[in-house]
Amino acid sequence: MKAVTAEIITIGDEILYGQIVDTNSAWMGTELTKIGVKVKQITSISDNAGHIVQALDEAKTRADIILITGGLGPTKDDLTKHVLADYFHTSLRLHEPSLADIAALFKVRGIELTELNRQQAFLPESCMPVRNALGTAPGMWFEQDGKVFVSMPGVPFEMKRMMTDIVLPQLKSYFKTPHIIHKVIQTVGLAESILAERLEDWETSLPGHLKLAYLPHLGGVRLRLTGQGMDEAILKQELQQEVDKLPPLIGKYIFAYGEVPLEEATGQLLKERGLTVATAESCTGGFVAHKLTSIAGSSAYFMGGVIAYHNEVKIRELRIKPETLQQHGAVSEATVRAMAENVRLQFSTDIGLATSGIAGPDGGTPDKPVGTIWIAYADKYKTEAKLLNYNKNRLLNIEYTTMAVLNLLRQSLEPTVEE
């Protein structure tokens, strides 16, 4: 089964200068996947006729669908429409329905229609106009040698409306695309290379129309299993059968299925068990509390926290004994255990979490270099501490530590999970 492929071309000097970020391509890629179209390449080019022609020539050798955004405004630097007219050996002609749409839009805004905007209603004769319900630049659909070229405005909300209402349905009908379905498995606590080793036999035995991708991110790896086929029900069943084989292989490291962040997965576990948590943070500066409270409904389980950055605050607010700090230091197992235990008591919660470390870039010693961090979990039955060694920059040390302490919480809430 031959995949239907697409290439996205974004036109605009402002993208290349870094003045705006190309969010259009990411959105388009997601939506194209939903209708069974695979994006092969994304290209950003300048507002230059030669560059546009070269990009079109190259794209049509690689893809069935070429989607173009940008360069459809009313000013002289907007070249796309004129280049496309030349490229498809046609001329511009006034498209009355488009002019009516533009005139109506100006009337609603209480603005007089200018000649420049009127010129936007002149479209290549050989194209099928794509109505722009939200702006003044119509889109254009061309067909040549079994390929489809679609030009749309670069304004995100205009492009998205065109894609959703017109372009995506017509592409699906034109190409009779297969179904592409993703299953996402979220893992944490295992490096990508080790994860790949554990899954090697399983991955090798996957049917040819199912593909696995490893997507590393902060502190974890997303596994994306993708299937392609004409029968959606059968494809979903096949994907689920393969996913069901994973818990015996890596069950200890799976924290969620689907696009669920670790903080949401741990929050759900706390809700299900009716447990509450408080945090005592030094090196993370409140980032653990921030992650936990970034999830809607977190007030059901998060009671509060203390940012005990200075030792005096650790002594005064968390009741850490001065002799503990003197004997072991702030960055130590003894201190972080006491922080987790005492914040639990201070807030009358079921669980206490704590972090203390040297985030950097300064403050390290030969015995405790930058990146030396202790984290801890405490409940009424046990206290568990863990030493981390991150040789990263300050912000990454903070973020990796936060993910590690959330994972420690998750593991403590799932004591029966086996590998």
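Trainee: At what angle do helix α2 and helix α7 pack in this predicted model?

Mentor: Two packed helices are described by the angle between their axes and the distance between the axes. Axes here are lines fitted to C-alpha atoms, for helices over the stretch in contact, with angles from 0 to 180 degrees between N-to-C directions; helices (H or I, at least four residues) and strands (E, at least two) are DSSP runs, numbered from the N terminus. The axes of α2 (residues 24–34) and α7 (residues 156–175) are 11 Å apart, and the packing angle is about 25°.

Trainee: How are α2 and α7 oriented to each other, roughly parallel or roughly antiparallel?

Mentor: Angles under 35 degrees count as roughly parallel, over 145 as roughly antiparallel, 65 to 115 as roughly perpendicular and the rest as oblique. The angle of α2 to α7 is about 25°, and α2 and α7 are therefore roughly parallel.

Trainee: How many residues of α2 are buried?

Mentor: Buried means under 20% relative accessible area, exposed over 50%, and partly exposed in between (1.4 Å probe, protein chains only). The cover over the buried residues of α2 includes β1 (4–11), β2 (37–45), β3 (65–69), β8 (147–152), α7 and β9 (179–188). Trp27, Met28 and Leu32 are among the residues buried in α2. The helix is mostly covered, the buried count being 8 of its 11 residues.

Trainee: Which residue just after α2 takes a positive phi?

Mentor: The phi value in question is about 85°. The residue that takes this positive phi just after α2 is Gly36.

Trainee: What is the hand of the crossing where α12 passes α17?

Mentor: The axes of α12 (residues 262–273) and α17 (residues 394–413) come within 10 Å and cross at roughly 30°. These helices are therefore roughly parallel to each other. A crossing is left-handed if the near helix is turned anticlockwise from the far one by less than a right angle, and right-handed if clockwise. The crossing of α12 past α17 is left-handed.

Trainee: Which parts of the structure hold Glu125 and Arg93, and how many residues apart are they in sequence?

Mentor: A salt bridge is a side-chain nitrogen of Lys or Arg within 4 Å of a carboxyl oxygen of Asp or Glu. The side chains of Glu125 and Arg93 meet in one, at 3.0 Å from N to O. Glu125 lies in the loop between β5 (122–124) and β6 (128–130) and Arg93 in strand β4 (residues 92–94), so the pair ties together parts whose separation in sequence is 32 residues.

Trainee: Which helix holds both Glu333 and Arg337?

Mentor: Glu333 and Arg337 form a salt bridge, their closest N and O atoms being 3.8 Å apart. Glu333 is partly exposed at 35% relative accessible area, and Arg337 is partly exposed at 28%. The two residues are 4 residues apart, about one turn of the helix, and both lie in α16 (residues 333–347).

Trainee: What pLDDT do local features need?

Mentor: Residues are numbered from 1 along each chain as its sequence is written, and side-chain values use heavy atoms, with hydrogens and water left out. In this predicted model, side-chain atom pairs count only at pLDDT 80 or more, totals for chains, interfaces and linings use all residues, and local features need pLDDT of at least 70.

Terms used. Contact = heavy atoms within 4.5 Å.
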